[in-house]
Amino acid sequence: MSEILIARFKNKREADAATKLIKDRSTAPKLLRGSNLEDMLLGELITKAMKEKRSLPIKILKKQLGAQIKALKK
């Protein structure tokens, strides 16, 4: 998994400026906006799972999501 940056901004203009800076400096950035961290992590897991050639049970995705959320809270 790649590095994840989570940031909060006062307004959309500041967020857009930071996004532009990251896009200019990074080779393949993926911007996710949202107010719910779990939704963003779940979206990342779904994207990763869709690249798999086999199907993954929901139970495994829930377990991976729980592990990621737990790791971020440390």
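**Entry 1: terms and overall layout**

I take buried as under 20% relative accessible area, exposed as over 50%, and partly exposed as in between. I am working on a predicted model.

I began with the secondary structure. I counted 3 helices and 0 strands. Read from the N terminus, the order is α-α-α. I then looked up burial. Of the 74 residues, 16% count as buried. The protein exposes about 6800 Å², and carbon and sulfur atoms supply 56% of that area. I also checked contact range. Among contacts between residues at least 6 apart in sequence, 40% join residues at least 24 apart.

**Entry 2**

I searched for salt bridges and found 2. Side chains of opposite charge can pair when their charged atoms come close.

I took Lys 12 and Asp 16 to start with. Their side chains meet in a salt bridge at 2.9 Å, N to O. Both residues lie in helix α1, residues 12-25. They are 4 residues apart, about one turn of the helix. Lys 12 has a relative accessible area of 55%, so I log it as exposed. Asp 16 comes to 31%, which falls between the 20% and 50% limits. I therefore log Asp 16 as partly exposed.

Then I turned to Asp 24 and Lys 20. This salt bridge spans 3.2 Å, N to O. Asp 24 and Lys 20 also sit in helix α1, 4 residues apart, about one turn of the helix. I found both Asp 24 and Lys 20 exposed.

**Entry 2: the nonpolar core**

I asked which residues make up the largest nonpolar core. I found 6: Leu 41, Leu 45, Ala 49, Leu 61, Leu 65 and Ile 69. The elements giving two or more residues to this core are α2 and α3, the latter running 58-73.

**Entry 3: a nonpolar patch on the surface**

I looked for nonpolar side chains on the outside. Leu 42, Ile 46 and Met 50 make a surface patch of about 290 Å². I placed Met 50 in helix α2, residues 37-50. Is Met 50 buried or exposed? I read a relative accessible area of 67% for Met 50, so it is exposed.

How values were computed
Residues numbered from 1 in each chain as written. Predicted model: local features only at pLDDT ≥ 70, side-chain atom pairs only at ≥ 80, totals over all residues. Heavy atoms only, no water. Patch = residues over 30% accessible without salt bridge, like charges linked within 9 Å, V, L, I, M, F, W, Y side chains within 5 Å. Areas by Shrake-Rupley, 256 points an atom, 1.4 Å probe, with all protein chains shown as cover. Salt bridge = Lys/Arg side-chain N within 4 Å of Asp/Glu carboxyl O. Buried < 20%, exposed > 50% of the residue type's maximum accessible area, 1.4 Å probe, protein only. Core = buried A, V, L, I, M, F, W, Y, C linked by side-chain atoms within 4.5 Å. Contact = heavy atoms within 4.5 Å.
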